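Here is a short briefing on helix packing, selected side chains and backbone geometry. Please keep the sequence and the structure in view while reading.

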Amino acid sequence: MAEPLYQVLDPHDVDPREAARAQLSETVLVGLSERPKRLPSQFFYDDTGSQLFAAITELEEYYPTRCEFQVFERHGHEILGRFRGRPLNLVDLGAGDGRKTAVLLEQALEMGLDVRFCPIDISESAMDGLCTSMKARFPGLPVAGLVGEYGAGLRWLSSQQGRENLVLFLGSNVGNFDRPSTRGLLRRLWSALNAGDHVLVGFDLKKDIELLLAAYNDREGLTARFNLNLLARINRELGADFDLQSFRHYATYNPLSGAMESYLVSKRAQLVHIRELGDAFEFAPWEPIHTEYSYKYLDEDIDLLCSHGGFVDAGRFYDDRRWFCDALWRVVR
């Protein structure tokens, strides 16, 4: 009988779908009750949102995915060469479809590394699809996925003996958190790992503002559809009556914070009912809902996050235009 490709941590907890629905309900209630209103970007990625984002990554204006692919194609062997001769867990946080991770896995297998693929995700359905596709692409690859929160998954891996962990936090996902939250996230990551483990963190670097604006306001309108799908998701899952035609996507760069900021703006006065919450929310004309931060970085910003997180710099790798950086950090105690 074949070994399972993943395990569910704390399997006696509530149904993860119900837990996700409850979290969405609470977040929507709190976020739409605040001034200004806000809805966090983590809820962009239902099935429709994930498909839209995959399409966005193929757009000419959206450079980050191409840049990070180039980093791995040019520097992947150098990154992985540091782990030669040591059994390695390649741990992927929020792998999505795993395309970028597959580049590193292919290189690791070409180099003859003793590597095991360990994705961690809260969604069991996403985990099942990812593990199955990776096993089909790399039949000899050991796969040990973990369904659960990142912290629980990392602590479980770190309790196992005999393998170092290389944790991937790619795609500049770190940029979706404000600076205090980023420091807290990285410190929690550090605390869950063992001395000598490594993390590889993707950072979108500061560049010409026009390039940033184009990347988040594409000509085909896919980014607008991606943002508006958040309201469509609330309609589907919580019984809301958002009129998507009455909102518009707006993205701008804030030079003080160093972040692209995304909003959904109400084009008229309206009242939105949400059946699951038993509540309704008023919108004034042109009132925004904040949906996303996407912070951009300088090298000195990466220095500070590395040292404040408890890591030491083990190398930085850039695309040819230096628009994107993958920073390799080592855990020290």
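The side chains of T57 and R99 are joined by a polar contact of 3.1 Å. The model is predicted. T57 sits in the loop between α2 (47-56) and α3, and R99 belongs to the α4 side of the contact between α3 and α4.

**T57 and its surroundings**

- T57 has a relative accessibility of 5%, so T57 counts as buried. The cut-off for buried is under 20%.
- Beyond its neighbours within four places in sequence, T57 is in contact with Y62, T65, R66 and R99.

**Packing of α3 and α4**

- Two packed helices are described by the angle between their axes and the distance between the axes.
- Helix α3 covers residues 64-81 and helix α4 covers residues 99-110. Their axes are 9 Å apart, at an angle of about 20 degrees.
- Angles under 35 degrees count as roughly parallel, and α3 and α4 are therefore roughly parallel to each other.
- The crossing of α3 past α4 is right-handed.

- Where does Q107 lie? Q107 is in helix α4.
- Is Q107 buried or exposed? Its relative accessibility is 6%, so Q107 counts as buried.
- The Q107 side chain reaches the backbone oxygen of F72 at 3.0 Å.
- Setting aside neighbours within four places in sequence, Q107 is in contact with F72, E73, G76, H77 and L80.

**Packing of α2 and α9**

- The axes of α2 and helix α9 (residues 222-238) come within 9 Å. They cross at roughly 175 degrees.
- Angles over 145 degrees count as roughly antiparallel, and α2 and α9 are therefore roughly antiparallel to each other.
- On the α2 side are T48, G49, L52, F53, A55 and I56. They meet L222, T223, R225, F226, N229 and R236 of α9.
- The residues of this contact of α2 with α9 divide by class into six nonpolar, four polar and two charged.

**Strand residues with partners elsewhere in the sequence**

- V8 is part of strand β1 (residues 6-8). Its relative accessible area is 29%, so V8 is partly exposed.
- How many residues apart in sequence are V8 and L146? They are 138 residues apart, yet their C-alpha atoms are 5.9 Å apart in space.
- V8 touches E124 and V147, with residues up to four places away in sequence not counted.
- Y250 is in strand β8 (residues 247-254). At 39% relative accessibility, Y250 counts as partly exposed.
- Y250 and S262 are 12 residues apart in sequence. Their C-alpha to C-alpha distance is 5.8 Å.
- Leaving out neighbours within four places in sequence, Y250 is in contact with E261, S262, Y263 and V265.

**Backbone geometry in loops**

- Which residues does a cis peptide bond join? R35 and P36 are joined by this bond, with omega about -5 degrees. P36 lies in the loop between α1 (16-33) and β2 (37-38).
- S172 has a phi near 55 degrees, a positive value in a residue other than glycine. S172 is in the loop between β6 (164-169) and α7 (179-192). With 7% relative accessibility, S172 counts as buried.
- W286 has a phi near 65 degrees, again a positive value in a residue other than glycine. W286 is in the loop between β11 (279-283) and β12 (288-295). With 55% relative accessibility, W286 counts as exposed.

Note on methods:
Residues numbered from 1 in each chain as written. Predicted model: local features only at pLDDT ≥ 70, side-chain atom pairs only at ≥ 80, totals over all residues. Heavy atoms only, no water. Axes fitted to C-alpha atoms, helices over the stretch in contact; angles between N-to-C directions. Helix = DSSP H or I, 4+ residues; strand = E, 2+ residues; numbered from the N terminus. Parallel < 35°, antiparallel > 145°, perpendicular 65-115°, else oblique. Left-handed = near helix turned anticlockwise from the far one by under 90°. Contact = heavy atoms within 4.5 Å. Buried < 20%, exposed > 50% of the residue type's maximum accessible area, 1.4 Å probe, protein only. Polar contact = N/O pair within 3.5 Å; in protein donor to acceptor, adjacent residues only side chain to side chain. Nonpolar A, V, L, I, M, F, W, Y, C, P; charged D, E, K, R; others polar.
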